[in-house]
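Please have the sequence and the 3D view ready.

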Protein chains: 2
Amino acid sequence: MGTKSTPRSALAAARSRALLRSLPGSGHRTGLFANCPDLIGTPFSYAREEEIYGEGEEAEFVYRVVEGAVRTHKVLSDGRRQITGFHLADSLFGFEQGDVHWHTAEALSDTRVLIFQRRPIERAATRSAEVACQLWSMATANLRDAQDLTLLLGRRSAQERLAAFLIEVDGRFGGTGTFALPMTRRDIADYLGLTIETVSRTFSQLEEDGALRRANGRQVTLHRARLRHVVED
Amino acid sequence: MGTKSTPRSALAAARSRALLRSLPGSGHRTGLFANCPDLIGTPFSYAREEEIYGEGEEAEFVYRVVEGAVRTHKVLSDGRRQITGFHLADSLFGFEQGDVHWHTAEALSDTRVLIFQRRPIERAATRSAEVACQLWSMATANLRDAQDLTLLLGRRSAQERLAAFLIEVDGRFGGTGTFALPMTRRDIADYLGLTIETVSRTFSQLEEDGALRRANGRQVTLHRARLRHVVED
DNA sequence: CGCACCGTTGAGCAAGTTCAATCCAAGTGG
DNA sequence: CCACTTGGATTGAACTTGCTCAACGGTGCG
């Protein structure tokens with residue numbers, strides 16, 4: 001559904017169903033913006049590897065992940081890429097400084113999102129201190145994540161980067177220690193500032209050290225105590 | 001003044017002068033919070049290398065640089081340090097997620113700041129959408145900076161990092177192309193994720209390439225076109 | 001089947017680090 | 001006032017980490 005149409009046309013089509021979706025219990029009213037009756041998300045879907053928005057495009061919408069996963073990244077002219085974040089279920093993304101997206105967002109896997117128009121949210125923020133505070137709090141949380149990544153990229157070894165990354169992903173999946181990574185080795189490399197070969201070799205090292213076990217490439221089982229020992233702080 | 005006393009006692013002492021300072025034209029009412037009559041900053045000073053607040057401390061105040069320069073950083077247990085930002089005149093810093101500072105702030109040189117209590121500002125944000133929007137906008141700007149740094153650290157060479165850094169600092173000093181760096185090589189290294197030796201060598205390379213000239217260590221004159229060519233994007 | 005993509009592994013290489021020596025400017029104490 | 005110390009910066013030489021280039025195996029899909 002929907003991957004051939006645009007967010008704009010989907011929005012128009014969905015307007016008629018707005019009443020139904022805004023009913024309590026329909027699942028679209030939890031979390032940020034929950035108390036904002038005019039801010040109703042429109043469901044939308046993207047296929048694996050599909051671009052959601054590109055750097056430099058006008059930032060008309062913001063997005064909340066319902067199911068699947070999204071990456072945001074920046075690219076240099078020669079193709080070097082830095083992934084700035086992965087967004088799993090419930091994560092909100094697409095808010096930028098100014099009217100233009102300053103990175104690119106793509107779906108890691110087939111992904112369902114809720115789309116919100118940015119303008120009404122910003123207008124709501126200028127009227128409601130509560131909405132504005134929610135936006136502030138969200139931006140601040142993102143800032144903390146970005147600065148943690150800064151420390152990771154600036155001062156940590158490949159082993160530490162991968163270990164920290166796996167612990168982080170595990171946490172976002174509920175902390176069971178066993179999960180399937182939703183992203184490729186290339187995505188991991190471009191997030192951690194490494195090459196795919198180094199990521200692969202580091203996986204092998206960590207497995208030799210008994211810090212994790214791999215199955216079928218993407219599936220991992222973490223030995224969290226040992227991984228935490230690698231990160232050590 | 002004031003480097004032996006605490007922000008708390010300075011605040012108390014300054015309360016009596018509040019009326020005077022709040023007069024228009026006294027220079028304390030421009031920029032963010034300008035429209036917020038209760039939010040009056042208290043002048044305060046820090047000596048070179050003095051800590052302003054430490055990671056883990058309760059975040060009671062936020063700060064605006066009046067004169068001088070400040071760095072914020074995180075440290076790993078083994079001493080590796082990542083500077084997350086330099087704050088020059090007019091820059092606001094010290095806002096964190098939650099009630100605790102999650103990095104450390106220190107004065108690069110003798111520095112004068114205005115101190116604001118965080119609580120009243122947060123209370124004002126819950127009442128005034130305008131204040132909350134300013135805070136949001138500030139956080140978003142910081143986020144963009146942090147993500148630019150992420151790209152720098154993850155995917156750029158030493159030459160590109162230093163060139164981008166110098167262009168950035170030049171811009172903050174007015175873009176004349178000639179200025180004295182307010183920070184040491186160690187600070188630059190810890191900001192760019194390099195060692196002091198690499199920073200020094202990279203300075204030498206850039207000078208050989210005619211992209212800048214050095215004088216007395218800290219003083220530099222940039223050949224901005226050539227530096228921009230190094231960064232290339 | 002054949003191709004494309006993903007992941008792994010090996011060998012050699014290069015960028016940046018580590019260790020060490022030296023220089024210089026600015027204190028500091030006799 | 002000068003010897004001595006201290007901290008910042010630069011440079012050289014050896015080393016290490018992670019990168020580049022290359023080959024190969026597995027899996028899914030047209």
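The residues of the surface near DNA strand D divide into seven charged, seven polar and two nonpolar. Here Ala, Val, Leu, Ile, Met, Phe, Trp, Tyr, Cys and Pro count as nonpolar, Asp, Glu, Lys and Arg as charged, and the others, Gly among them, as polar. A residue is near the strand if one of its heavy atoms lies within 4 Å of it.

Before going on, a word about what you are looking at. This is a predicted model, in which local features need pLDDT of at least 70 and side-chain atom pairs count only at pLDDT 80 or more, while totals for chains, interfaces and linings use all residues. Residues are numbered from 1 along each chain as its sequence is written, chains are lettered from A and ligands numbered from 1 in the order in which they are written, and side-chain values use heavy atoms, with hydrogens and water left out.

Back to the DNA. In total, 16 residues surround DNA strand D, and the closest include A:Thr198 and B:Arg185. You can look for particular polar contacts (pairs of N or O atoms within 3.5 Å). A polar side-chain atom of B:Ser200 lies 2.8 Å from a phosphate oxygen of DNA strand D, and for B:Arg218 the distance to a phosphate oxygen is 2.9 Å. Helices (H or I, at least four residues) and strands (E, at least two) are DSSP runs, numbered from the N terminus.

Now turn to the sheet in chain B. Its four strands form an open, antiparallel sheet in the order E2-E7-E4-E5, where two strands pair if DSSP finds at least two bridges between them. Strand E2 (51–53) and strand E5 (81–87) of chain B are the edges, each pairing on one side only. Six bridges join strand E4 (residues 70–75) of chain B to E5(B), and B:Lys74 has B:Gln82 as its bridge partner in E5(B).

Finally, consider the two chains together. A rotation of 180° with 0.0 Å of shift along its axis superposes chain B on chain A (RMSD 0.0 Å), by least squares on the C-alpha atoms of residues with pLDDT of at least 70 in both. The two copies are thus related as by a two-fold rotation axis.

Key:
Polar contact = N/O pair within 3.5 Å; in protein donor to acceptor, adjacent residues only side chain to side chain.
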